[in-house]
Amino acid sequence: MAESAAPAGASDEVKNLLDTPPPWIIRRGATTAVVAFSLLVLAAWMVRIPESIEASATLQTEYAPVRFRVPQSCPQFAVFVKDGDTVNAGSWLAVRKTSANPLHILKLRNLLSPLQTLSGVEIEQIFLPDKLRLGPLDEVYQIFRQTHAAFIKTLNAGSNTDAATSLDAQMTLVKSSIRTFEDKLRREQRVLEQRRNSVREGQTLIRRKELTYEAYALRLKAMKSTEGEVRDIELDVQRERRELERLERWKVAIRQQAVDRNYQGLLDLRRELRDLLDAIQTWENEHIFSSPIAGRVNMKSALVPGKLYRNNFQDVLGIHPFGQPGDRFTALLYLEGSRAGKVMPGQSVFIQVEGYPVTEFGFLRGKVQDRPYYSGDPERQLTVDVLLDEELTTTTGYQIPYDFALRGEAEIIIENDRFLHQLLRGFAGLF
């Protein structure tokens, strides 16, 4: 017989109350247990627990950036660019220490290069600055300036001075006439706009029956008359401009005759020009470090453009190509081969970048692009290509500045399985 749960000395009523279970437990206990178990199974079915593989990651681009390091033969240098600048292929990045002012040489090169295809009349109109610090190029430049001055002097001596003076006087009169016609044209255009507004207003007043047709006709006639005057003045301006162009062609033709008579002087000038441009190119080859590609500059340290620095034989800057698929950042993952078979294209990847704690900066997100392939490592290490969802933008919205040596740890989500499946597989593994 089961022992009573009531304490000794308790009354019969208390003993009956403690020894008799409540009827609702007997009626609903099984149902409650079934419902609770069902809820647990449902929760195990609904809840998903991700399964992942860890790997090391190296961030890169499809087209590798170009590193720039000053050669060991250059003890001191200065840079022309700053972080974030865009450069073209051939743009100047840095210069060796030199007695010349590189910006003066660049200015002179840009001034002289177009002269190679110009005629003698056009070359003589070029102004050559005299206050340039060109260092070893100064002597060649002064020779060219002297040849240029001698060429102009010869042209002036051989030109038809009387004809040129007469043309100059005519051109002055034509220019004055053009200015007069243009002033008159602007005044008439203002009058025309006023009369057009008057006509538009008259149309509104006629619809309201506040203006007679005779008054509206007068407004319209005045507008048409002003339009005719404007057209006549425009024709006068065009005629005077054509005349000015004709006089200028005559003046150039007279000057060209002097050039033709001094053809040898023109040849000498062009030869001196080629010698100067060749000297500039030689100086540039010896002192200037140019960009091999077009792209965006990524400085390795805070160097001030134009300031002289000692060469420490380290990377000065990098150039990240733009306008190409190279703008798409990728990550190369290195993982062991034991679980690599579960890695499939499209799986999500989260990357923690070294130096950027996830608690503060967040993760980089990406997708697996292809199945793992053998990296050539004797320990059977495999590699996986991952395309980042956004260009070095983390889950917190932070933009990580690009560097050649960005590395981190990656987590590949290979499965996002239900907890119930994992629980059943765990039980199956016990037997």
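**Entry 1: the cores**

I looked up the largest nonpolar core and found 28 residues in it, with Leu59, Leu333, Ile351 and Leu392 making the most contacts inside. A nonpolar core here is a set of buried Ala, Val, Leu, Ile, Met, Phe, Trp, Tyr and Cys residues joined through side-chain atoms within 4.5 Å. Buried means under 20% relative accessible area, exposed over 50%, and partly exposed in between (1.4 Å probe, protein chains only).

I noted that this is a predicted model, where local features need pLDDT of at least 70 and side-chain atom pairs count only at pLDDT 80 or more, while totals for chains, interfaces and linings use all residues. Residues are numbered from 1 along each chain as its sequence is written, and side-chain values use heavy atoms, with hydrogens and water left out.

Which strands supply at least two residues each of this core? I listed β1 (48–61), β10 (329–335), β11 (348–353), β12 (364–368), β14 (382–388) and β15 (407–418). Strands (E, at least two residues) and helices (H or I, at least four) are DSSP runs, numbered from the N terminus.

I then found another core lying apart from this one, with 24 residues, including Ala100, Leu108, Leu112 and Leu137.

**Entry 2: leucine 392**

I left aside neighbours within four places in sequence and checked contacts (heavy atoms within 4.5 Å). Leucine 392 is in contact with Leu59, Phe329, Leu364, Tyr398, Gln399, Ile400, Pro401, Tyr402 and Leu406.

**Entry 3: helix α3**

I moved on to α3 (residues 102–112), where Pro102, Ile105, Leu108 and Leu112 are buried. They sit on the same side of α3 because they cover an arc of only 125° around the axis; the arc is that of the directions from the helix axis to the C-beta atoms. The face turned away from the buried side carries the exposed residues Leu103 and Lys107.

What caps the N-terminal end of α3? I found asparagine 101, with a side-chain oxygen 3.0 Å from the backbone nitrogen of leucine 103.

**Entry 4: an open sheet**

I traced four strands in the order β6-β5-β3-β8, with antiparallel pairing. Two strands pair if DSSP finds at least two bridges between them. The edge strands, β6 (288–290) and β8 (309–310), each pair on one side only. I counted three bridges between β5 (residues 92–96) and β6, and saw alanine 94 opposite phenylalanine 289 in β6.

**Entry 5: glutamine 347**

I placed glutamine 347 in the loop between β10 and β11. Is glutamine 347 buried or exposed? Glutamine 347 counts as buried because its relative accessibility is 10%. Its side chain reaches the backbone nitrogen of methionine 344 at 2.9 Å.

Conventions. A polar contact is a pair of N or O atoms within 3.5 Å; within protein, one must be able to donate a hydrogen and the other to accept it, and residues adjacent in sequence count only if both atoms are side-chain atoms.
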